[in-house]
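Happy to take questions on this one. Let's go through some of the terms used for such a model and see what stands behind each.

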Amino acid sequence: MDTCLGLSVVVPVLNEIASLDELIRRSLRACKDTGRSHELILVDDGSTDGSSEKILAAAEAHRGGVVGVILNRNYGQHAAVMAGFDVSRGRLVVTLDADLQNPPEEIPRLVAKMDAGFDVVGTVRVPRRDTLFRRLASRTVNAAARRSTGVDMHDYGCMLRGYSRAVVDAMLRCRERSTFIPVLANTFAKRTTEIEVRHNNRPGGDSKYSLWRLVNLQFDLLTSMTTAPLRFLSAIGVCLSGAGLALGFLLMGLRLLHGPEWAVQGVFTLFAALFFFVGAQFVAMGLMGEYIGRIYEDVRARPRYFVERIVGLEPGLRESSDLQGCT
């Protein structure tokens with residue numbers, strides 16, 4: 001029997017109990033509108049508001065159509081998506097946020113675009129319904145992602161995206177812990193495109209991306225996908241060394257012209273230069289520490305997540321190795 005489906009929709013869930021019923025109803029209807037066999041995979045990422053119980057109930061009620069994947073604690077949005085990828089069986093895989101800001105009704109449009117031969121279909125939220133701070137942070141991430149991948153996409157932060165089975169399988173073979181999925185997918189995709197999708201106001205609850213999470217996301221992107229910061233630091237080091245040398249000659253000349261009293265015996269100049277270079281060294285050591293920390297995490301080869309329970313998956317399809325034939 002063919003174990004593959006036409007479409008898998010993977011949704012990471014963290015404390016979204018208020019929107020889950022509507023999410024499931026609208027997502028299943030959108031999947032049905034594509035006219036192909038499908039599954040809705042809900043991955044609970046350590047929710048504490050009862051979302052996991054609701055997911056398990058939905059998987060029992062819609063057995064074969066809804067799959068519940070319960071992680072034993074919170075591992076982060078992208079790790080939860082990878083857990084959903086690992087049990088997905090679709091030839092096409094769509095990811096979606098659980099907060100309903102991106103309407104599930106956009107899923108058929110992504111599927112139609114992937115049917116045209118694209119490996120990755122990104123989306124651009126129009127009009128964007130987030131705060132000014134979130135939009136500015138998103139622009140920073142998008143610019144860094146475009147530079148690191150060379151793929152000109154404009155909204156890497158939107159979770160509503162489509163991937164071919166080949167790209168999903170390639171991502172699953174990558175074992176690094178710090179993973180920014182949209183960027184990782186583009187490194188394997190031959191043909192990429194993006195479409196505009198609606199973006200609604202959040203119906204309830206709060207965004208799970210605080211300032212600190214956004215900062216961590218930026219560090220994940222920089223250190224997991226590119227060594228550009230290290231090259232940038234090297235360039236800064238050369239410039240600082242040259243500037244320090246030039247400043248030294250300038251101060252020496254002015255001291256000879258105006259005497260030691262002009263420079264207060266050089267004390268203030270010395271302290272200014274010292275503080276500047278010490279600060280630059282700390283920045284450099286911090287970034288190098290980030291890379292060394294990533295290396296340490298990867299060489300230990302610990303799993304990205306631990307799946308506590310799966311409900312709704314047909315017998316015999318638990319292991320990801322059973323899914324490699326979905327091409």
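Q: What makes strand 5 count as mostly covered?
A: In this predicted model, five of the six residues of strand 5 (residues 120-125) are buried.

Q: What joins strand 5 to strand 7?
A: Six bridges do, and strand 5 and strand 7 (residues 192-197) run parallel. With a requirement of at least two, those six bridges make them a pair. Here you can look at Val 124, whose bridge partner in strand 7 is Glu 196.

Q: Why is helix 6 called largely enclosed by the rest of the structure?
A: Because seven of the eight residues of helix 6 (residues 165-172) are buried. Among them are Arg 165, Asp 169 and Met 171.

Q: What do the buried residues of helix 6 pack against?
A: Their partners are helix 3 (77-87), strand 4 (90-95), strand 5, strand 6 and helix 7 (181-188).

Q: Why is helix 1 called roughly parallel to helix 2?
A: The packing angle between helix 1 (residues 17-33) and helix 2 (residues 51-61) is about 20°, and their axes are 9 Å apart. Angles under 35 degrees count as roughly parallel, so helix 1 and helix 2 get that label. As for handedness, the crossing of helix 1 past helix 2 is right-handed.

Q: Which residues make the contact between helix 1 and helix 2?
A: From helix 1 come Ile 17, Leu 20, Asp 21 and Ile 24, and they meet Ser 51, Lys 54, Ile 55 and Ala 58 of helix 2. Sorted by class, this contact has five nonpolar, one polar and two charged residues. Asp and Lys count as charged, and Asp 21 and Lys 54 are both part of the contact.

Q: How many of the chain's contacts join residues at least 24 apart?
A: The share is 83%, taken among contacts between residues at least 6 apart in sequence. The chain has 10 helices and eight strands, and 45% of its 327 residues count as buried.

Notes:
Residues numbered from 1 in each chain as written. Predicted model: local features only at pLDDT ≥ 70, side-chain atom pairs only at ≥ 80, totals over all residues. Heavy atoms only, no water. Axes fitted to C-alpha atoms, helices over the stretch in contact; angles between N-to-C directions. Helix = DSSP H or I, 4+ residues; strand = E, 2+ residues; numbered from the N terminus. Parallel < 35°, antiparallel > 145°, perpendicular 65-115°, else oblique. Left-handed = near helix turned anticlockwise from the far one by under 90°. Contact = heavy atoms within 4.5 Å. Buried < 20%, exposed > 50% of the residue type's maximum accessible area, 1.4 Å probe, protein only.
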